[in-house]
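User: Let's go through this one label by label. For each, I'd like to hear what rule stands behind it.

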Amino acid sequence: MAGRQFIMQVWRGDAAKGSFQEYRVPAAEGMVLLDVIHAIQATQAGDLAVRWNCKAGKCGSCSAEINGKPRLMCMTRMNSLNTDEPITVAPMKSFPLIRDLVTDVSFNFEMAKRVPAFKPRPKGPDGTHRMQQEDIDRVQEFHKCIECFLCQNVCHVIRDHEDNKKHFAGPRLFVRYAALEMHPLDTNDRRELLKDKMGLGYCNITKCCSEVCPEHIKITDNAIIPLKERVVDEFYDPLARWLRKLTAKGS
Amino acid sequence: MAGPYETHEYDVIVIGAGGAGLRAAVEASAQGVKTALICKSLLGKAHTVMAEGGIAAAMGNIYPEDNWKVHFRDTMRGGKLLNNWRMAQIHAQEAPARVLELEEWGALFDRTPDGRILQRDFGGHRYARLAHVGDRTGLEMIRTLQQHAVHKGIDVYMECTIARLLKDGDRVAGAFGYWRESGRFVAFTAKAVVLATGGIGKAWKITSNSWEYTGDGIAMALDAGADLIDMEMVQFHPTGMVWPPSVRGILVTEGVRGDGGTLKNSEGKRFMFNYIPEFFKAETAETEKEADAWYEDKKNRRTPDLLPRDEVARAINAEVKAGRGTPHGGVFLDIASRRSADYIQKRLPSMYHQFKELAGVDITKEPMEVGPTCHYVMGGVRVDADTTATTVPGLFAAGEVAAGLHGANRLGGNSLSDLLVFGRRAGLYAAEYAKKFTGAVKAGVDQLASVEHELLTPFNHHGGENPYSIHMDLQECMQNLVGIIRTESDLKKALGEIARLKQRLTRASVEGHRQYNPGWHLAMDLHALLEVAETCTLSAIERKESRGGHTRDDYPKADPSFGKINLVTRKKNGALSITPEPLPEMPGELKQLIEEQK
Amino acid sequence: MSSDSVAIGNARTLRRDAWWLQPVLTVAGLTAFIVYTTWAALVNEHYYLAPYLSPFYSPCLSSTCRHVTWALFDWPFSPAILILWAPAGFRVTCYYYRKAYYRSFWFSPPACAVRDGHATYTGETRFPLLVQNLHRYFFYVATLVVLFLWWDAILAFRFSAGGGGYEFGMGVGTLVLLANAALLSLYSFSCHSCRHLCGGGLNLLSEAPFRYKLWLKISRLNEHHMLYAWISLAGVMLADLYVRLLSMGYITDLRIF
C-alpha cells in the first residue's frame, strides 16, 4: 500500500452554495472512510464539518452518502471501495444541509416527540414484570436501532417529496412504533395514529430502508409490514372486525 | 440577565446527556422544577451507547445468595479499598431498583426461563450480576432514558457545548457555551447545575472513548473552585482491538470473557494463571482444569481471566513486553474454541459484527487480538456521597465526571449502575437545592466578555498552531509517559510537555468561520483536555505506590499509608495544588463485610 | 478542482454502480410472464392432456371445460378468466411484488437513493392503491386455488388403463404438477399476511405456543418470499407450457411407472 493515495471528492458548502472538493490522502492499512475524513481534517481542512462519535458503528452519527450510497463512514472500509477512482462523500440528501457533511436531522427528533409514550400494564404480584424471551426477541431487534437516520434519508417518500415530511414519520419511527406495539407490556394502541397521522400508508415497501440499515434490522419485513397488517386488522378487514365483535360479545 | 447573548433561565440545568445526565434530568423534572438538558452531540449519541456488557445490580435472579452486601464487598475490593464506602453502599443498595425502573420505562433485558432479568458474569463480581441486552446494554439504557425524557417534555439543547460555569459569588449560577451548528454563544442561568460530562479518555492515543471525552466537566468544576480527587486513577481496559491501526482501541467487551473467552499468549498458553495477586488468591482458580470447571458451575473458583480490569491489563502489558504478544502487539482472546457459533452470535452480536466488518475476523472461528485501551477515569470531581453535591454550592456531579465510588479501579458493569443510581440522586438533590433557593439568580455577565474573547482567539491567529497537531502530540505524550506503567521521570517529562502544549495552544489558529467548525471546537476542548492531563500527571507523581489504575514502576507495591488517602486537586489563582486527605472512615460492620473471605 | 455546485441537489443519483440492472431484469421477467399468461389464458385450448391439467385452468368451473373440476355454469369464454383473477390479485397485492413493480415499472423509486420518477407521491393512501390492504383476502382465495392444484397433482397419478378403467402411475408431468403445487404453496404460505394471521398479530406469543411455533416457521419461510415469488412464477408458467406442448403434440410425456 506504500505510496498509494486515496482521491476523495468531499462535499464542502452550506445551504446556500457548495461543491465537491478534491483531497488526496495517503493510504494506510485497514482504513475506514471516517479515518480518511479525519486525515483531511487534521492536515488539509481543519474546518471540514462532520459528525462522529464512537467510530465503531454503535452511535449512528457519521451517516453520509458514499459514492451515492447512504452508509456509515466508520463502517465503510476503504478496501471495499474501488479506490482507483475518486470517491465521493456527500451529506445525507433528505435533510437540510448545515455545513459540509453535517445536516439538520431535527425532523427525526420532532417525529419522536409525537410518538405516544410507552404505557406498561401493572406489575406482577412480586412487584416486577415477568416477560418471556420469546415475547421480546422481535422487539429487541427493533431496539438495536442506532438512530443513524440512514433509513429516513434513503426513503423516497421524503427524500424526493419534501412536502410529505408533514405527515410521514419514516422508517426509523415505524421501527419505534413497532417496538411499542409489539412490546409485551405496552397497553397503548397507536394504529389509528399510524394510519391517519404518521403516514404508514405512504410506505410502498420498496425496502430501501432495510437495504441501508447498518444494524441489519429488517425494517420492512419485521416492522412496517406487520404494522400495516395490524392497521388492516383494525380498519380494512370487515371479517376480522366482525369476528372480534362476536368474540367480544361472547366473553 | 442582560447582554448580547441568547439566554435561557432554568431551575436546574444538566450538562451532558449520557446515562447520568438523562437520569438526572428525568429526576429533576419529576420533582417539578424547570429542567434543561444540554449535550455536545445529538441526543442519544453519548458514550453510554458504547457500554456493552451490562448493568451490575445484585438482584439475585441467578444466584439468590447475591445481595447488596456482596456487591458492596466486590466493589470495594475491586477498587483496592480506595472507594468512598458510603457511595459504594448506596450504589449496591439502590442499583436493583434503578434497573427495574428502566423496565417500567420500556427497556427489554434478556430473560431467564422464568421470565426474570437474566444476569451475566463479569470480572470482579462474585456472582453473575449484570443485567444485559446481548452486548448492547448501553444502547438499550440510553434509548430508554432518552425516550422517557422526551415524553416528559424536558427541554433538550443538542450540539450545544458548555465552555464555562457561571458563578454568583461562591455559588454556581449557570453556564456559558456555544451552539456547534452556528458558533453563536448561549448562556443559561440556573439555580443548580448538574455535571454529567463523562471522562477524559481523549487525552490518550489508544482509547475506547469518543471525541466528546475531553474532560470538560472536570476542568470547568476545577476552574469554578471544586475539589477533584484521585485524578491519577485511570482505567485501561484490558481488551481493546489492536488491528488494523485505524480501529486500535475500540472496546472489546468484558462479556467475551464472562461468556467463556480466555486470554492466550503467542505460545497458546493461558497466561493469566501467572498473574493472580495475593489479594484475590482465595477466590481464583489456580489451574486450567479448575478454571474450566467454573464455566460449568459457578460455585467453583473463578477463572483468572475475569480478575479485575487493572490486573488483566497489567498482565497483558507484561506478556507483550516479554515478547509473547501477537504479531500486532496484543494477546489472543479466544471464545471460538469453547462456545458454538450460535451461542457467540446470540450473546455477542455486536462484537461479532465489529470484528467481521472492521478487522475481517470471524470470532466464531478465530481468536481476536486484543490489548489494553484507555477506558475510564475513576478520579474526578469530589462529591458528597448522598447528595452528589460538589464542594461548590449549587454544583452537582454524577457519572464518570464524579469520583469516589470506584476507588482505584472500577469493576465492569458498575459504571452503568453508577449512572443510574447517582444520576437520579444528582437530579433529586439539585432539584431540592433549586427549590430551597430563594432570591434572584445572578450570573455575572461581566465574566462573559473575557470568555468570549478567549474562545474566539483562534480565529485571530493566522498560520499558528494546528489544534489537531496539538491534540495528537498530547495523546502521544500521555500514552507514552502517563500510561499503564508510570515512573517519576516519565511523569515529570510529561509535565514539561504539557506545559509546552499549553503554550502552543495559546497560538492555535483555525481556518474558516464559526459555523460547525470542528477545528475550532477542538481548540476549545483542548483547554479542558490539557488541564485534566496536567492534574492527572501531577496526582500520579504524588501517589508513590501502585494501586488499581495507577501502577508505578518505581514503587511497584501498594503502600498501606497511601491506601488511607485521597489526593485532592485544587486550583487557586490559576495554580494547581495536590493535597493528601484521609478517606472517610468506614463503619465497623461494613469493614467486616470486606474482610470476609470465601 | 470542483464540480457542479448544485450536483447533490439535482443529480438523479450519485450512485455509480449498475443500479438500473435490477429494475430492467424485473421488467423483463414480469413482462414475459404477463404476455405469456395472457395469451395462454385467452387461447382456451391445449390446456389438458389426461391426466394433466394446466394450472392456469384449474379449478375449471365451466361445464365447457375440457376437464371439468367443478361445473358451476356454462361459460362462453376461456374458463381461465374465472380463476386467474385470484392468483393474479394475490400477486399484484403481494408485499414483494409491490416492491418489484413500484420500483421497476413506476420508478417510485427506481432504486435506492435514485430520484423518484414522479413529482408528487401519495403512496398507498388513496384509491385505487388503498386496495392493497385487501391482500389477505386474496391470500384466502389464492390458497383455495393452491388446494385445487394439489388435487390436480394427485389426479396426475391416475392414468387411463387399457380396459377403460384407471391405473396408478407417474409421469414427468406428474412431477411437474407436484413441483408446481409445492412451489405455489411455498409462495402462498410465506406470505406476509399469512405470517401476521398465524401469530404475528399477537403481542404475547408465549401464551399461544402453537401459533408461536407456526409463526417462527412461517417467519423463516417469509425471509425467502421473494425467491419463492420468482421460482413459483416461473414454475407455473413452465407447468402450463409443459401441458400445452404435450397437448399440442410437440413432446410426449415420459412415463416413469
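User: How many salt bridges are there over all chains, and what makes a pair count as one?

Analyst: The rule asks for a side-chain nitrogen of Lys or Arg within 4 Å of a carboxyl oxygen of Asp or Glu. By that rule the count over all chains is 95. Keep in mind that this is a predicted model, where local features need pLDDT of at least 70 and side-chain atom pairs count only at pLDDT 80 or more, while totals for chains, interfaces and linings use all residues; side-chain values use heavy atoms, with hydrogens and water left out. As for names, residues are numbered from 1 along each chain as its sequence is written, and chains are lettered from A and ligands numbered from 1 in the order in which they are written.

User: Why are A:Arg12 and A:Asp47 called a salt bridge?

Analyst: Their N to O distance is 3.2 Å, and the rule wants that distance within 4 Å, so the pair qualifies. As background, side chains of opposite charge can pair when their charged atoms come close.

User: And what does the pair tie together?

Analyst: A:Arg12 sits in strand E1 (residues 5–13) of chain A and A:Asp47 in the loop between H1 and strand E3 (63–66), so the pair links parts that are 35 residues apart in sequence. Helices (H or I, at least four residues) and strands (E, at least two) are DSSP runs, numbered from the N terminus.

User: How do you know that chain A and chain B are in contact?

Analyst: Contact means heavy atoms within 4.5 Å. On that basis 64 residues of chain A touch 62 residues of chain B. Of the 2 pairs of chains in contact, A and B share the most contacts. Chain B and chain C, by contrast, do not touch, with their nearest C-alpha atoms 11 Å apart.

User: What is the area buried between chain A and chain B, and what does "buried" rest on?

Analyst: It's the accessible area (1.4 Å probe) that two parts lose on being put together, summed over both. Here that is about 5100 Å², of which carbon and sulfur atoms give 53%. The size of an interface is often given this way, as the accessible area lost when the parts come together.

User: Which polar and charged pairs are found between chain A and chain B?

Analyst: There are 5 salt bridges, one of them A:Lys58 with B:Glu52, whose closest N and O atoms are 3.2 Å apart. There are also 38 residue pairs in polar contact, both residues at pLDDT 80 or more. A polar contact is a pair of N or O atoms within 3.5 Å; within protein, one must be able to donate a hydrogen and the other to accept it, and residues adjacent in sequence count only if both atoms are side-chain atoms.

User: What gives the most to the side of chain A that touches chain B?

Analyst: H3(A), with 6 residues. By class, that side has 31 nonpolar, 15 polar and 18 charged residues. The nonpolar ones are Ala, Val, Leu, Ile, Met, Phe, Trp, Tyr, Cys and Pro, the charged ones Asp, Glu, Lys and Arg, and the others, Gly among them, go down as polar.

User: How does chain A meet chain C?

Analyst: 58 residues of chain A are in contact with 53 of chain C, and the two bury about 4600 Å² between them, 52% of it on carbon and sulfur atoms. The salt bridge count is 8, including A:Glu211 with C:Arg103 at 3.0 Å, N to O. Helix H9 (residues 219–235) gives the most to chain A's side, with 9 residues. That side divides into 22 nonpolar, 15 polar and 21 charged residues.

User: What makes C:Ser58 and C:Pro59 stand out?

Analyst: A cis peptide bond joins them, with omega about -5°. C:Pro59 is in the loop between strand E2 (52–53) and helix H3 (80–92) of chain C. C:Ser108 and C:Pro109 are also joined by a cis peptide bond, with omega about 0°. Most peptide bonds are trans, and most residues other than glycine have a negative phi.

User: What is phi of A:Phe149, and where is that residue found?

Analyst: Phi is near 65°, a positive value in a residue other than glycine. A:Phe149 is in the loop between H3 and helix H4 (150–154) of chain A.
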